[in-house]
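Colleague: Before we talk about how the parts of this protein meet, could you put the model up for me?
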Amino acid sequence: MKRIGILLSGRGSNFLAIAKAIAEGKLRGAEIAVVISNRAAAPGLAAARELGLTAVAIEANGRKRAEHDAEIIATLQQHEVDLVCLAGYMRLISAKFVAEFRNRILNIHPSLLPSFPGLDAQRQALEGGVKVSGCTVHFVDEELDHGCIILQRVVPVLDADDEHTLAERILEQEHTAYTDAIARVLSGEYEFRGQRYVLRG
Ligand code: GRF
């Protein structure tokens with residue numbers, strides 16, 4: 001069994017999509033070992049508890065990043081996590097964290113990276129006037145919203161869109177994209193060529 005650790009800060013719809021995919025047998029050989037949030041009040045954490053999963057709050061308030069991350073790393077290790085999935089985790093992670101789980105941390109971002117990293121990606125897309133946007137699942141490195149891209153999904157940006165309608169269209173894609181990317185990574189059938197993630201063979 002490959003053990004997934006989820007990190008989230010908010011509503012957790014991506015986490016729930018992953019949990020549902022596992023329940024439906026779409027991610028064979030994978031299980032969620034622990035769900036961790038930097039916010040005790042995160043709805044995603046309550047949802048994890050309702051599903052009977054191990055859900056841990058590790059509050060970040062007022063703590064140094066290194067100290068907070070050390071506790072998260074220890075919790076992930078204690079639950080023998082193989083793969084860490086950031087799912088709306090609204091906190092930068094330290095270089096130590098990245099090094100501890102090198103090439104074993106994934107993130108989902110609501111834009112076609114490298115365009116529009118950071119906060120409010122959907123608003124950035126509208127302000128940038130692009131006609132397509134989407135989501136990206138990528139390995140996490142030391143830079144924000146950066147690292148080898150595993151897959152991307154594209155959606156149109158419509159004239160009538162505001163950031164909410166665009167976010168909704170993108171989110172629908174996120175919910176299948178993350179599971180597909182996890183399946184690819186867990187298959188191990190890939191290699192890195194420079195900045196590129198490519199399927200083997
Ligand atoms: C998603 O749009 C994700 O791409 C971004 O944060 C949002 C989290 O949503 N990183 P949810 O908590 O998974 O519903």
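Colleague: How many salt bridges do you count between domain 1 and domain 2, and what makes a pair of residues a salt bridge?

Modeller: The count between the two domains is one salt bridge, the term being kept for a side-chain nitrogen of Lys or Arg within 4 Å of a carboxyl oxygen of Asp or Glu. Arg102 and Glu142 have their closest N and O atoms 3.1 Å apart, and because the limit is 4 Å, the pair is called a salt bridge. This is a predicted model, in which local features need pLDDT of at least 70 and side-chain atom pairs count only at pLDDT 80 or more, while totals for chains, interfaces and linings use all residues. Residues are numbered from 1 along each chain as its sequence is written, and side-chain values use heavy atoms, with hydrogens and water left out.

Colleague: What area do the domains bury between them?

Modeller: About 1500 Å², 72% of it on carbon and sulfur atoms, where buried area is the accessible area (1.4 Å probe) that two parts lose on being put together, summed over both. In domain 1, Asn14, Leu27 and Leu86 lose the most area to domain 2, together 31% of what that side buries.
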